[in-house]
Amino acid sequence: MPEIKLENLCKSYGNIEVLHGIDLEMQDAEFTVLVGPSGCGKSTTLRMIAGLETVTKGEIFIDGRPVSKLEPKERDLAMVFQDYALYPHMNVAKNMSFALRLEKRPKKEIQRKVQEVADILGLTDFLHRKPAELSGGQRQRVAMGRALTRDSSTFLFDEPLSNLDAKLRTQMRAELAMMRQRVHKNMIYVTHDQIEAMTLADRIVVMHGGVIQQQGTPEELFKFPKNKFVAGFLGTPPMNFLEATIEESNQQLYLKGQGFMLRCDERATACLRREELLKVLVGIRPCDLIYQPDAPSDSAIDIDVVVSEYIGAQSVLIGDCAGQDVMVELKSDTPIALGERLRFSIDFQAVHLFNMSNDLAIA
Amino acid sequence: MSTAKLNRLSPYLFLAPAFLVMVLALLYPLGYMIYGSFRDWNPSQALGESTFVGLKNYYTLWHDPNFRESVVVTLKFAISVVTIEMFIGVGLALLLDRNLRGMSLLRTLFILPMMIAPVVVGLIWKYMYHPTLGVFNDTLRALGMEPVEWLSQHALLSIIIADIWQWTPFIFILALAALQSLPRSALEAARIDGATGWQQIIHIKLPLMMPVLIVTCLLRLIDAFKVLEVILVMTAGGPGLTTEIMALRISRTATEFRELGVAAAMSNYLLMMLLLLTVLMLTYNRWIEYRANKAQRAAEEAL
Ligand SMILES: Nc1ncnc2c1ncn2[C@@H]1O[C@H](COP(=O)(O)OP(=O)(O)O)[C@@H](O)[C@H]1O
Ligand SMILES: [Mg+2]
């Protein structure tokens, strides 16, 4: 199974460059997820790997072999499309076996392979149906099945779950995660949904504006985002950002913003001293705000509750801290009332600091 | 009247004007023609003054070798032009369905012949086929070959070529439109699945275009059975009866032979042929669907 390497990959449509030099290495049997907001160039990257789009500049290597001039079929990969791209005039079995039939494999083998994959995906009863006679979820499975029947070394997925309803999406996500355990192949998966990215990926690649923002394991990205974009993109509810000035009294640094004053810990103090900044952006995840009425004011923040969104065991509070929106995650059975002012303590370990001039993390 | 009843009537109310127009514009002339075909009817008579002759007109035609000849000519003409036009038109569409520079200009040029008035087409081709002055024989002579007596020795072939020139664009545009409305992603999936250009055409493009192609073929067939002007101008049916297609014979029967009843009967024969053709095609379609459904049901029961 191959290692895929993208080297300074660029793509322009006419005069407009939409991908600006993508460098990426994918290891053998790794599940890589490209994630980012709509229009950031994820699909374009994937389609260039697949060979459906020409490469403007740069090169794609599969096992060290440059492939950017090769036809898709010479690259040995299978792809699942967002709109499934099933062949409307063929039944499920024919759809799944199309590639094998083109290769003129023996009938017996084709039948066995289709049956095997249909069993895995629960499609056995639908083999003779046309795509139009299937539900969205079933079509999605057929699209997966079509990729699975081929013994390709690499699987490409372009937002395969985004056309499903929420419940089915969760279910398919779990099934994909299970399939991932069984099938040891390279998988490159494109999504705009950060939950999909976090749950499925060995390695997440966050893209924005045609540039890779950061790559690493889900945990790395969640704990140590390199810049404000990555920090704000991963995690729900999203991270809170508050502006603060740096003030010093008695050799101790404080972050002073509107409605709060936080005492820096040693690590942050060292960093801030080194960077010599006057202002920073403070990032705090909603889950890192702990409801604690008796917390000392230099390690806590006071929030007026504006809205409470009940989602089961947890609620999300949307609060107001001196004119700034702040979101907090809270156990639903915490007795609170709208309009009340609550105190949340902050462990400074969990605070992310960003340079306001370039949005990079300070660490 | 209750509102419920009114509601039920309203669709018919809205359909009424269209229905009226259809009766006046379509059914009335048709009825007129069918009525006339049972009569010995001379252009100087009003239809009411003509005498009723029953099926005599149909019977005479059935045994008239000239009429039979024109049926054969029509069939030969229609089947060959439509077959060749389908091949060339669809082939061109498959060839030109890509985004190259100047392609839209080329496409526009391709559909020009269809926009020229048929009489003009006839005249142009008549001159091009001219034995001494025509461009074809000029070319042949320039190449050192024998000139060909186009409109006298190969009359049917000549009109077939002219018709192909004029009507291939029709199939070309419809096929191109069908091609461009195919699901792009299915074609991309086929490329990933390893289909070559040819395999994409055979396994994906053509099957998906088929419904449009069938309708196109039917439209062209119906049209080819009724073609008149171009042939009238080029050969007027000659030499002899070699290019006298049915439409031409009908018009001559009505104007030269002054037998409106026979002409009407002839039109009805033509109409019946076209109806038969349409029904056959629809039945064939139905049958294919039915067979597919049956196969599917059988397969499901077998499980
Ligand atoms: N065929 C095209 N022509 C011009 N621009 C395109 C084309 N395809 C994509 N783009 C542009 O490239 C950018 C990246 O698109 P895409 O890769 O589809 O984004 P996404 O991350 O949502 O998959 C977008 O800004 C889009 O407008
Ligand atoms: Mg996309």
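Helices (H or I, at least four residues) and strands (E, at least two) are taken here as DSSP runs, numbered from the N terminus. The model is predicted, and local features therefore need pLDDT of at least 70, side-chain atom pairs count only at pLDDT 80 or more, and totals for chains, interfaces and linings use all residues. Residues are numbered from 1 along each chain as its sequence is written, chains are lettered from A and ligands numbered from 1 in the order in which they are written, and side-chain values use heavy atoms, with hydrogens and water left out.

**Cavities**

A cavity is a set of points, on a 1 Å grid over the protein atoms alone, where a 1.4 Å probe fits but cannot get out, and its lining residues have an atom within 4 Å of a point. Grid points are joined across faces, edges and corners, and a volume is the space filled by probe spheres set on the points. The count comes to 2 cavities of 30 Å³ or more.

In the second largest cavity, helix 8 of chain B gives the largest share of the lining, 3 residues, and both helix 8 (155-180) and helix 11 (229-234) of that chain supply at least two residues each. The lining consists of Phe77(B), Ile159(B), Asp163(B), Gln166(B), Val227(B), Val230(B) and Ile231(B).

The largest cavity is lined by residues of both chains, namely Ala78(A), Met79(A), Arg146(A), Ala147(A), Arg150(A), Ala189(B), Ile192(B) and Asp193(B). Two or more of these lining residues come from each of strand 6 (77-80) and helix 4 (136-149) of chain A and helix 9 (184-192) of chain B.

In the table, Ala, Val, Leu, Ile, Met, Phe, Trp, Tyr, Cys and Pro count as nonpolar, Asp, Glu, Lys and Arg as charged, and the others, Gly among them, as polar.

| Cavity | Volume | Lining by class |
|---|---|---|
| Largest cavity | about 50 Å³ | 5 nonpolar, no polar and 3 charged residues |
| Second largest cavity | about 30 Å³ | 5 nonpolar, 1 polar and 1 charged residues |

**Ligand 1**

The shell around ligand 1, counted as residues with a heavy atom within 4 Å of it, is formed by Tyr13(A), Val18(A), Ser38(A), Gly39(A), Cys40(A), Gly41(A), Lys42(A), Ser43(A) and Thr44(A). Helix 1 (residues 42-50) of chain A contributes the largest share of that shell, 3 residues. An oxygen atom of ligand 1 is 3.0 Å from a polar backbone atom of Gly41(A), and an oxygen atom of the ligand is 2.9 Å from a polar backbone atom of Lys42(A). Taken alone, ligand 1 exposes 560 Å², of which the protein buries 56%, with accessible areas from the Shrake-Rupley method and a 1.4 Å probe.

**Local features of chain A**

Chain A has 9 helices and 20 strands, and 51% of its 363 residues are buried, where buried means under 20% relative accessible area, exposed over 50%, and partly exposed in between (1.4 Å probe, protein chains only). Asn227(A), in the loop between helix 7 (218-223) and helix 8 (228-233), counts as buried because its relative accessibility is 9%.

Two residues other than glycine have positive phi values: Asn250(A), near 55 degrees, and Glu276(A), about 50 degrees. Asn250(A) lies in the loop between strand 11 and strand 12 (252-257) and is exposed, with a relative accessible area of 77%, while Glu276(A) lies in the loop between helix 9 (266-275) and strand 14 (279-284) and is exposed at 69%. A cis peptide bond, with omega about -15 degrees, joins Thr236(A) and Pro237(A).

Notes. On a 1 Å grid over the protein atoms alone, a cavity is a set of points where a 1.4 Å probe fits but cannot get out, and a pocket is an open set with protein on both sides within 12 Å along at least five of seven lines; lining residues have an atom within 4 Å of a point. A polar contact is a pair of N or O atoms within 3.5 Å; within protein, one must be able to donate a hydrogen and the other to accept it, and residues adjacent in sequence count only if both atoms are side-chain atoms.
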